[in-house]
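Dear colleague,

I am passing the structure below on to you, together with some notes on what turned up in it. Please read the notes with the structure open beside them.

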Amino acid sequence: MTAAAIDTEREPEDIERTSYLRAGYSLRSWLLTTDHKRIAILYLISITFFFAIAAVAAALIRLELVTPEGDLLSHEGYNRAFSIHGIMMVWFFLIPSIPNTIGNFMIPLMIGARDLAFPRLNLLSWYIFMVAGLFALFVVLAGGVDTGWTFYTPLTTMYANGAVVATVLAVFISGFSTILTGLNFIVTIHKLRAPGMTWSRLPLFIWSHYAVSIIFVLATPVLAITLLLLAAERIFGIGVFDPSLGGDPLLFQHLFWFYSHPAVYIMVLPAMGVVSELVTSGAHKKIFGYWFVAYASIAIAVIAFLVWGHHMFVAGQSVLASTVFSFLSIAVAVPSAIKVYNWTATLYKGDIALDAPLLYAMGFIGLFVVGGLTGLMLAMLAIDVHVHDTYFVVAHFHYIMVGGSVAAFFGALHYWWPKMTGRLYNEVLGRIAALLMIIGFNLTFFPQFLLGYEGMPRRYHVYPPEFQVLHIFSTAGAGMLGVAYLMPMFYLLWSLRFGKRAPANPWGATGLEWTTSSPPPKHNFTEQPVVIREPYDYHLAHPRSRENG
Amino acid sequence: MSAGVKRLLVVGLGLQVLLAATVAASFLPLGPFKPWVGYGIAVAKAVLVLWFFMEMRKEGGLVRLATVAAFAWLAIMFALTASDYLSRSWIAAYADV
Amino acid sequence: MAEQSRAEIQFHNIDRQREADRLGMLVFLASEIMLFGGVFLAAFSLRMLSPDEYVSASSHMKLWHGTANTAILLASSMLAALAVEMASSSNPKWAGRCLWSAVGLGIVFLGVKAHEYYLDYLDGKLPGAANAHFSSEFEQLFSNFYFTATGLHALHVTGGLALLSTAALRRSARHDCHAILIGNAALYWHLVDIVWIFLYPTIYLAGASA
């Protein structure tokens, strides 16, 4: 809200061109900003912090699992470790990661707008997120909960003796941040597009974020009511989940998974949007099948809501319902598969530059295919009965969420780093980190498919000794993965001070965000953009390669 | 009194009439149709509120679609959950859940 | 027709901003519908599992309190809609009067609710109270559900009243012939009404005929 500069000696155009990073240096100008770009940076710092906490929990888990005995942590301690790992990663890292950092920053730029529709609401979203995070931090310090991130009743309502209510409150509050973000994105995409930016010219990143915003708005409130009922049950014993009063523990699971299954699509849809951008840019080629990819995003958002019962195949759900959910869960794979075909076809005969972002994107595609195929396996009722609650499931969702979404997040961070910071990072280090991540990831999680299929249960830290070798491979991989995640922290931060200054369009990419300076001025564009070109209209004859040091 | 005001007053009266109808219906021996009648009248009331009070009649297709979508999502939640509860007794193993 | 005529910087013109404000509120209402959807799903599950006990428990509810409250809220909703109509036809004085009447009826709603809760307490139906006694476990569960559902609704009623009052107090809102603030406050209020329209048969009308 403050003026870009109080400097009356400079020309207005010059003031307008001032980078958003220079429009005020005070803490106040950051903490009271309504600039979507600054809010994106605030989110980036916050989620990195929560990621670190969740990663420490993961390290504890992997260290514990090196030996078959429970020698590092007690039973309760181990339960609390995987619980806080899941809770922090899902709600305080993955869900906000791409939408609230890259989405917040890029959506207005990509559609040619000067900000989101409701800038103050955007700032409020961040503050709500921080309040929730503070509660979560308190939970960590208070020892956490042992319930798993899934909070199943009656453990949570009757028997668990951790900080259940505080945890549930933290997640409840974070949900409002999400809902408001989704609201903001939907209205922005409908009402703030630049002249000429028709729906058919929107970057696929926007389509993905529109789809994810639908899920934000319609699924998250169900989480809110679920947690509210959970807290009421725990504190007041209202009994909706208690069979002795006539309630049903499975009601909790229906309510919980009605949100939490769409939630996993919250975590993957933005990543898919990123991949569409990285693949077209890295191959300097138009996307293959624009409308297929665009509509697939919407289809994923819709079908996501129809499959939640596949988490409850062995919970006591009726066989008929399970069969219906099984069939629908197979259907949900179709739009995702369509996207994979289209990305691959885009790469085919493209002018490919193997820079870090594209490496991350290609990692995403490969790892997502493995995760997706094993997801199909899990969708089959009979197979799931065998591998439910084993490491097979753990491996499946980590392939999607870590091999997929986290890889895409890192790819996005690298790709748009020059735009966000005005600096170029060291490309050699970038490529090394990407490859290390892909290798480390597979080493960590592929053994877990084998473990699960052979019967290693999830959430156990004591296991038969014949599983130890695979666990050791997995932990070694986790170490590698840790290095792969730490490397970018160092060279990206280093580039802030010492990196070469970035031009407006270092990648030679299409898209409105590349038409403005790196970093952008406070109000994004010095003149109102008017869109006349189709999206991704690359000319293969004259690709402009990235200017690099 | 303008046409707009008149319209709103008529709708308001209609809502009260529907309320009276639903109360009366609750005293009738309708058997298994009772909830259908009760919720059916509730839907009618909601449609009136949406169409006239919330001005859905003036809105374009996109807004109407968004409104329908919200209720459609509710319907999804109920339909698929119902598929569980209604069929639990079909297979003996789950009959006493 | 005094109103804010300069759009905020991110909007192309003031019309877009108005459309965005209204669309934003509607999207928010969609999220509220899903929130209460979970409450109704719980009721649905209870009814599926114990249909006869559900009917019996519902017949012990205070039908006339519930019915009166429904009538009150429907009337209040009508007044909020009238307020929008008044503001749109440049009648700020009546817009204000309609708004305050809607608020007044909303307060009456809460009063009736409070009275109902009080009577429930006297009947020994307040869970956790010293004198609580229920004829069955399910009665207790239904009572808990009733307090949770209507309590959550009452919270939203309070929020809606705050919104309506804010709109009523602001001179610029009453004089805005596009009725943006009044319109959005009214939209929220209508949602609160719609939730109650469905809560009413869920809680009060499932019972067997008197």
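What percentage of the 210 residues in chain C is buried? The answer is 53%, and please keep in mind, here and in everything that follows, that this is a predicted model.

To stay with chain C for a moment, its secondary structure comes to seven helices and zero strands, so that the order of elements from the N terminus on reads α-α-α-α-α-α-α. Taken along the principal axes, the C-alpha atoms of chain C fill a box of roughly 65 × 30 × 30 Å. Among the contacts in chain C with a separation of 6 or more, 76% are between residues 24 or more positions apart.

Next, the contact of chain C with chain A, to which chain C gives 33 residues and chain A gives 35 residues. On the side of chain C that touches chain A, helix 1 (14–49) and helix 5 (137–169) of chain C each supply at least two residues, and the largest share, 20 residues, comes from helix 1 of chain C. Sorted by class, that side of chain C holds 17 nonpolar, eleven polar and five charged residues.

Chain C also touches chain B, with 34 residues of chain B in contact with 33 residues of chain C. Helix 1 (3–26), helix 2 (34–53) and helix 3 of chain B each supply at least two residues of the side of chain B that touches chain C, and helix 3 of chain B provides the largest share of that side, eleven residues. The side of chain B that touches chain C has, by class, 24 nonpolar, nine polar and one charged residues.

Within this contact, one pair of helices can be described in detail. Helix 3 (residues 61–87) of chain B packs against helix 1 of chain C at an angle of about 20 degrees, and their axes are 10 Å apart. Because angles under 35 degrees count as roughly parallel, helix 3 of chain B is roughly parallel to helix 1 of chain C. The crossing of helix 3 of chain B and helix 1 of chain C is right-handed. Residues of helix 3 of chain B that make the contact include Ala66(B), Ala70(B), Trp73(B), Met77(B) and Phe78(B), while those of helix 1 of chain C include Leu23(C), Val27(C), Ala30(C), Met34(C) and Phe44(C). The residues of this contact of helix 3 of chain B with helix 1 of chain C divide into 18 nonpolar, four polar and no charged.

Chain B itself is divided into domain 1 (1–58) and domain 2 (60–97), and the C-alpha centres of domain 1 of chain B and domain 2 of chain B lie 24 Å apart.

Finally, there is a helix pair inside chain A. Helix 4 (residues 75–111) and helix 9 (residues 249–283) of chain A pack at an angle of about 35 degrees, with their axes 8 Å apart, and helix 4 of chain A passes helix 9 of chain A in a left-handed crossing. From helix 4 of chain A, Leu94(A), Ile95(A), Ile98(A), Pro99(A), Ile102(A) and Gly103(A) meet Ala263(A), Ile266(A), Met267(A), Pro270(A), Ala271(A) and Val274(A) in helix 9 of chain A. The residues of this contact of helix 4 with helix 9 of chain A divide into eleven nonpolar, one polar and no charged.

With best wishes

Methods. Residues numbered from 1 in each chain as written. Chains lettered and ligands numbered in written order. Predicted model: local features only at pLDDT ≥ 70, side-chain atom pairs only at ≥ 80, totals over all residues. Contact = placed C-beta atoms within 7 Å. Helix = DSSP H or I, 4+ residues; strand = E, 2+ residues; numbered from the N terminus. Nonpolar A, V, L, I, M, F, W, Y, C, P; charged D, E, K, R; others polar. Axes fitted to C-alpha atoms, helices over the stretch in contact; angles between N-to-C directions. Parallel < 35°, antiparallel > 145°, perpendicular 65-115°, else oblique. Left-handed = near helix turned anticlockwise from the far one by under 90°. Buried ≥ 20, exposed ≤ 12 C-beta atoms within 10 Å, placed from the backbone. Domains from an automatic or database assignment.
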